[in-house]
Amino acid sequence: MTTAPAASSPLVGWWTGAPPPARRALVAAGLGWMLDAFDLMLYALVLASLMADLGLTKATAGLLGSLTLVASAAGGMLFGVIADRWGRTRALMGSILLYSIFTAACGLAETVGQLAIFRVLLGLGMGGEWASGAALVSETWPDRHRGKALGVMQSAWAVGYAAAAAVNWIVNPLFGWRAVFFVGVLPAFFTLWVRRRVEEPAIWRERRHAAARPGGGVGDIFRGRRLPLTLAVTAMNACTMFAWWGFNLWIPAYLQLPAAQGGVGLGASAMSGLVIAMQVGMWFGYVTFGFVA
């Protein structure tokens, strides 16, 4: 007598049952987002050292952070167009190369103006990576598992932030904040794997070879029944991002700056350890609510 195979656990069955191209797409997008967080959050982690070395005021340091985020919004739109026209994987590789190169360039900055230029160009790549990676995952995973896949992709941000804190913990005391930024060029090599192993989604390939242009456009989300949902979700995300970045951009510097400058006065090791602990909780939140969704 034969017995039926045991059903896969819901916690892992969605992954093991997915086709290999979908799994590779999620790995590529997740690692891209993880490395994005790694590069972007290096600024927050070295901010106390950078302010002292370049003579930045808190207002200027905050302005540089804001410029990066404004640039990321522009990068999301720019690479969204690139992803539609030339492919999700090409846009993903381009955005990773962009933020990797200009993260390393931040370590060469001698003036506030140079640092601002490098941070803006880095921000373009940061916003482009999410736009490209989310499109890649959404188009390769079925509806019933898309929330889980995007939750896992988003959780990679916490891993990248924690990795950045670990690198700062090791590198900054030995070689200084410039060397921390130089480590940020390493994600560029990840594009070699993406080029060899990740396929374009079938939906994009079909559209590319279709004789007629697909119907609809960006303007559709501002029309009819979609308008209230678009406005509500945009407002919700804008408020969330305002709070998240306001907190996370400054918490490492707050922990490390001396009390005379409004900080706590912790050493680099203690600050990095606390940031890593925060990311452990953040990772569980990302993954959990992906399953809830």
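1. Basis of the values. The model is predicted, with local features requiring pLDDT of at least 70 and side-chain atom pairs counting only at pLDDT 80 or more, whereas totals for chains, interfaces and linings use all residues. Residues are numbered from 1 along each chain as its sequence is written, and side-chain values use heavy atoms, with hydrogens and water left out.

2. Helix 3. This helix covers residues 58-86; helices here are DSSP runs (H or I, at least four residues), numbered from the N terminus. Its 29 residues reach 41 Å from the first C-alpha to the last, close to the 42 Å expected at 1.5 Å a residue, where the expected span is 1.5 Å times one less than the number of residues. The buried residues of helix 3 include Ala61, Gly62, Leu64, Gly65, Thr68 and Phe79; buried means under 20% relative accessible area, exposed over 50%, and partly exposed in between (1.4 Å probe, protein chains only). Just after helix 3, Gly87 has a positive phi of about 115 degrees.

3. Met77. This residue also belongs to helix 3, but Met77 counts as exposed because its relative accessibility is 60%. Its C-alpha atom is separated by 7.4 Å from that of Gly128, a residue 51 places apart from Met77 along the chain.

4. Thr103. Helix 4 (residues 88-106) holds Thr103. The relative accessible area of Thr103 is 0%, so the residue is buried. Not counting residues up to four places away in sequence, Thr103 touches Asp39, Leu42, Leu122, Phe181 and Gly184; contact means heavy atoms within 4.5 Å.

5. Glu139. This residue is placed in helix 5 (residues 112-140). With a relative accessible area of 19%, Glu139 is classed as buried. Its side chain makes a polar contact with the side chain of Arg88 at 2.5 Å. A polar contact is a pair of N or O atoms within 3.5 Å; within protein, one must be able to donate a hydrogen and the other to accept it, and residues adjacent in sequence count only if both atoms are side-chain atoms. Once residues up to four places away in sequence are set aside, Glu139 touches Arg88, Pro201, Ile203 and Trp204.

6. The second largest pocket. About 380 Å³ of space lies in this pocket. Of its 13 lining residues, Trp130, Gly147, Leu150, Gly151 and Gln154 are the closest to the centre. A pocket is defined on a 1 Å grid over the protein atoms alone, as an open set of points where a 1.4 Å probe fits, with protein on both sides within 12 Å along at least five of seven lines; lining residues have an atom within 4 Å of a point. Grid points are joined across faces, edges and corners, and the volume is the space filled by probe spheres set on the points.

7. Composition of the lining. Helix 5, helix 6 (143-175) and helix 12 (268-292) each supply at least two residues of the lining of the second largest pocket. Helix 12 gives the most, with five residues. By class, the lining has seven nonpolar, six polar and no charged residues; Ala, Val, Leu, Ile, Met, Phe, Trp, Tyr, Cys and Pro count as nonpolar, Asp, Glu, Lys and Arg as charged, and the others, Gly among them, as polar.

8. Leu150. Located in helix 6, Leu150 counts as partly exposed because its relative accessibility is 25%. Leaving aside neighbours within four places in sequence, Leu150 is in contact with Ala134, Val137 and Ser138. Leu150 and Gly285 are 135 residues apart in sequence and 13 Å apart in space, C-alpha to C-alpha.

9. Helix 12. The end C-alpha atoms of this helix are 36 Å apart, which agrees with the 36 Å that its 25 residues should span at 1.5 Å a residue. Among its buried residues are Ala268, Met271, Val275, Gln279 and Tyr286. The cover over the buried residues of helix 12 includes helix 2 (20-54), helix 6, helix 10 and helix 11 (251-256).

10. Met278 lies in helix 12 and is partly exposed, with a relative accessible area of 28%. Not counting residues up to four places away in sequence, Met278 touches Phe247, Asn248 and Ile251. Leu229 is found in helix 10 (residues 226-248) and is exposed, at a relative accessible area of 57%. The C-alpha atoms of Leu229 and Thr288 are separated by 24 Å.
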